[in-house]
Each structure stands twice: as structure tokens, then as C-alpha cells.
Amino acid sequence: MIDRRKFLAAAGAGVTAAQAEPELAISGGAPVRTRPLKAGFWGPQYYDEKEQQQLMDVLTTRRPFRWYGPGDEPPMKVATFEKEFAARMQTRYALAVTSGTAALQCAMAALEIGPGDEVILPAWTWYSCYNAIVLAGALPVFAEIDESFNIDPADIESKITPQTKAILVAHLQGNPCDMDRILPIARKHNVRVVEDCAQSVGATYRGRPVGSMGDINTHSLQINKTITSGEGGALTMNDPILFERASRFHDLGGLRPPHEKAAGGHRLDFFPGANYRMSEFTGGVLLAQIRKLDTIVNDVRTNARRVYEGIRDLPGLQHRRLPDPAGELGSGVFLGFKTKELRDRYMAAMKAENVPAAPPGGSVLLPTAPYVEKKLTLHPAWPSFTSHRGKAMKYGAACCPRTIEILNRFAGVAIDPKFTSGDTSDS
């Protein structure tokens with residue numbers, strides 16, 4: 001019988017696949033699976049008559065618009081989703097918007113981030129994080145990641161200047177950031193914290209939902225997120241001023257009566273908004289999905305923990321750093337290697353077994369993206385890069401060498417909530 005556990009242990013020690021076990025698929029043996037193991041999109045796998053009924057309700061009542069429609073009853077799908085999402089995330093307020101990207105832009109507006117301000121973000125995250133900062137006219141400042149694949153708290157403080165207004169922390173690939181180290185740094189320097197929970201909706205940190213610890217927090221509900229309506233997003237927060245400002249910006253600058261009531265009255269004046277209102281169709285699907293969130297999270301965690309338990313006793317394996325192992329989603333089980341060459345050899349061997357492993361994904365090495373490195377904007381006079389500080393800011397690989405080194409050494413197998421016990425045994 002082929003001993004693939006022996007192979008994993010040997011791979012961690014840098015031994016070749018042939019030396020570890022000559023009958024592995026990469027050495028000519030039969031693969032453990034006849035077809036490649038593949039994780040799918042989570043939320044759509046749970047679609048059923050609940051989502052269908054929510055959509056039918058909107059069609060039947062002919063009230064697809066967020067705020068009003070025919071009949072005596074106001075539309076309530078999005079409003080109910082906001083209420084239930086806030087309760088699930090343990091925050092006072094939730095605001096539904098059209099996408100996670102829109103949520104990030106609303107967060108920048110709520111915090112009054114603009115020209116002359118700086119926002120620290122990880123070098124490894126999605127385009128939307130950088131774009132939202134630039135579209136606010138502020139200056140992005142990159143910090144390195146650590147072996148959690150999240151922003152390295154040890155690198156944050158050196159990036160703080162008198163112009164720093166916020167730290168954007170992204171909980172990537174289901175793994176919460178080390179908030180016990182990040183929040184004290186923010187408080188010490190009186191800067192705001194934005195939690196980007198796009199890839200970790202449903203994860204927790206020390207028993208608290210991600211998206212409940214920052215000043216304002218963003219969530220993506222796009223197709224490859226924990227729950228989904230195809231497109232969609234949300235913000236969570238506890239401050240009524242931030243809620244009002246985000247609500248005004250997500251609309252056209254005014255404050256609708258339901259949100260004014262939720263905020264306990266209005267405190268701000270009308271200002272230009274961006275119109276990121278969620279439709280009742282989207283809200284209906286998300287209302288069905290939020291009620292399944294705990295089931296989805298439990299399913300994927302169960303599968304991930306089965307894989308962790310299966311390899312826990314193997315010596316020499318380096319795992320991805322988990323600041324709170326109990327709180328992570330288990331989106332993927334990642335192993336680290338001493339060199340990129342050893343990592344690539346591991347991926348080749350796993351692919352041969354039809355259990356493909358891949359480097360960390362779902363994000364971009366932003367400082368090396370050509371438009372970022374060149375500081376391209378909508379207009380040559382865009383304020384993000386016209387100041388002395390903005391002109392002096394250098395992006396590119398030189399500003400994130402440790403991030404590049406970490407990403408080159410890790411690879412993992414994606415976990416699906418619908419994997420069978422046989423699938424997780426093969427993983």
C-alpha cells in the first residue's frame with residue numbers, strides 16, 4: 001500500500017517523492033483518485049427552495065426596489081437582511097450594498113478619508129482594497145504579510161505617520177488576522193481599523209465574529225464567498241455617525257427614514273453619494289443565505305479539521321500560521337516549505353495524485369501590479385500621488401520582499417463544505 005503520509009512527512013523534510021515512496025503517482029504509481037479533487041463555490045451549493053421563495057416574493061409583490069413600490073407594505077428583504085446580518089456579526093448596524101468593493105468605498109467615506117490621508121494595507125490582498133483608498137484620494141501604504149498570509153502586525157507600526165488615518169486589515173482565505181496585536185497599535189496611534197472580511201464571512205477571532213472588532217468593517221457576498229447572491233456586500237459597525245455617513249454615501253447623500261430611525265436621528269447634512277443600493281432580489285437571496293451561514297461554516301470547518309487531524313502527528317510539517325485555530329473557516333490546508341523548489345515539487349506530486357495543491361490565492365501581490373507600480377489613476381492630477389509624500393512613495397517588489405518570499409514557499413489544498421469523508425481522506 002502506498003504510504004502518502006510518509007510522503008507528506010518526507011516532503012516537509014525536503015526529501016524527493018521518489019525517495020519517500022517510489023509508488024507515488026509522480027513516480028509512476030496509480031494516483032489516489034481517478035478524477036481531480038476540486039472545491040466549488042460554497043453558497044450556491046446550498047441554494048434550494050428558500051432562495052427561490054424569496055425571489056418569488058419579490059416577483060409577486062412587484063417590489064424590487066430597496067425603498068418603495070406598489071402596495072401598502074414597504075419592501076423588507078434588504079432591511080430584514082441588514083437586521084439579521086448585524087445580529088449575526090454582533091454589531092449595532094449593518095448596511096447592505098452592491099458589492100464588497102462598494103462596501104470598502106463606503107467605509108472610506110464613512111471615515112472621511114481623503115486627500116492628504118494615508119491608509120495602511122497588506123501587500124497581499126485584493127485590488128478593491130487598494131482601489132478604494134485611491135478613489136478616496138488617499139495614499140495607500142503597504143505593509144508586509146506574515147505566515148498567516150495576513151498583514152504582519154510587526155510591520156504596521158513602522159508604516160504609521162502623522163497622516164495615517166486608518167489600517168485596513170484583510171482576513172484572508174478564511175483566516176482571521178492577529179487582532180490582539182493590531183488593535184492596540186491602532187489605539188496607541190489613534191488611527192481607525194477597517195476589517196475587510198470578504199474572504200472570511202463567518203470566521204471568528206477569540207469567540208468574536210470577524211467584522212465586529214474594527215471601527216467599520218466590510219463584507220463581500222460575491223459568488224466565491226461564504227454566502228452569496230452573485231454580487232453583494234455589507235458593512236458592519238457600532239458608531240451611529242459612521243452608520244449615517246456610510247448610509248448617505250451608499251445612497252445619493254440623503255438619509256432614508258428607516259436608516260434615520262435606526263441611527264437615532266440624523267446628525268449630518270446632505271452630501272454627494274455614490275448609489276450603491278442593494279435590490280430586493282439580492283436582499284432576498286441573502287436573507288435565505290444568512291440563515292444558512294452557520295451550517296456552511298460548520299460543514300467546511302468539519303472537513304478542514306478532519307484533514308488537520310489526519311496529518312497532525314506527522315513530524316516536520318510547517319503549517320500556515322493560525323492566530324485563532326478555532327476561529328478560522330478552514331478554506332484551505334496550507335503547508336510551508338524551506339524553498340520554492342520544494343514547494344513546487346510538493347505541488348507536482350499532489351497534482352499527480354489528483355489532489356491538486358496551489359499557492360495562496362484569491363488575492364494579488366498589489367505592489368507589483370503594473371498599474372499600482374506606475375501609480376496610474378483616473379486623472380493625472382489625482383490627489384493620491386501629487387503630494388511630496390505621494391510622489392516619493394515607491395511600490396514594486398522592493399517594498400514587499402518578505403511577502404513574496406512567504407507566498408513562494410506555501411501551498412495548500414482548498415476545502416469544500418460538501419466534500420465527503422473520502423474526499424478529506426484523500427486530501
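Select R66 to begin: this residue is buried, with a relative accessible area of 3%. The model on your screen is predicted.

**Stop 1: the partner of R66**

The side chains of R66 and E82 meet in a salt bridge, 2.9 Å from N to O. Trace the chain between the two. E82 sits in helix α4, while R66 lies in the loop between α3 and α4, and the pair links distant parts of the chain, 16 residues apart. Is E82 buried or exposed? E82 is buried, because its relative accessible area is 7% and buried means under 20%.

**Stop 2: R62, in that loop**

Step back to R62. This residue also belongs to the loop between α3 (49–61) and α4 (77–88). Look at the backbone here. R62 has a positive phi of about 60°, yet it is not a glycine. Most residues other than glycine have a negative phi. R62 counts as exposed, at 62% relative accessibility.

**Stop 3: N190**

Jump to N190. Here, too, phi is positive, about 55°, and the residue is not a glycine. Find N190 in the loop between α8 (179–189) and β6 (192–196). With a relative accessible area of 71%, N190 is exposed.

**Stop 4**

Select residues 100–110, which are helix α5, and residues 127–135, which are helix α6. Two packed helices are described by the angle between their axes and the distance between the axes. The axes of α5 and α6 come within 9 Å and cross at roughly 40°. The crossing is right-handed. Which residues of α5 and α6 make the contact? Show T101, L104, Q105 and M108 on α5, then S128, C129, A132, I133 and L135 on α6. Colour them by type. In this contact of α5 with α6, six residues are nonpolar, three are polar and none is charged.

**Stop 5**

How many salt bridges does the structure hold? The structure holds 27.

- Select D251 and R256. They form a salt bridge, with the closest N and O atoms 2.9 Å apart. D251 is buried, at 3% relative accessible area, whereas R256 is partly exposed, at 24%.
- Select R312 and E309. Their side chains meet in a salt bridge, 3.0 Å from N to O. Both R312 and E309 are exposed.
- Select D146, D178, R181 and R321. Salt bridges that share partners join these four residues into one network.

**Stop 6: a sheet and its helices**

Switch to the cartoon view. Strands of a sheet pair through backbone hydrogen bonds, either parallel or antiparallel. Find the open sheet of three strands, in the order β11-β12-β14. Is its pairing parallel or antiparallel? The pairing is antiparallel. Select β11 (318–319) and β14 (410–414): these are the edge strands, and each pairs on one side only. Next, show β12, residues 332–336, which two bridges join to β11. Click on Q318, which stands opposite G336 in β12.

Helix α12, residues 293–311, lies across β11 and β12 and runs at about 30° to β12. Then select residues 401–409, helix α16. Helix α16 lies across β11, β12 and β14, running at about 50° to β14.

Terms used: Residues numbered from 1 in each chain as written. Predicted model: local features only at pLDDT ≥ 70, side-chain atom pairs only at ≥ 80, totals over all residues. Heavy atoms only, no water. Axes fitted to C-alpha atoms, helices over the stretch in contact; angles between N-to-C directions. Helix = DSSP H or I, 4+ residues; strand = E, 2+ residues; numbered from the N terminus. Left-handed = near helix turned anticlockwise from the far one by under 90°. Contact = heavy atoms within 4.5 Å. Nonpolar A, V, L, I, M, F, W, Y, C, P; charged D, E, K, R; others polar. Buried < 20%, exposed > 50% of the residue type's maximum accessible area, 1.4 Å probe, protein only. Pairing = 2+ DSSP bridges.
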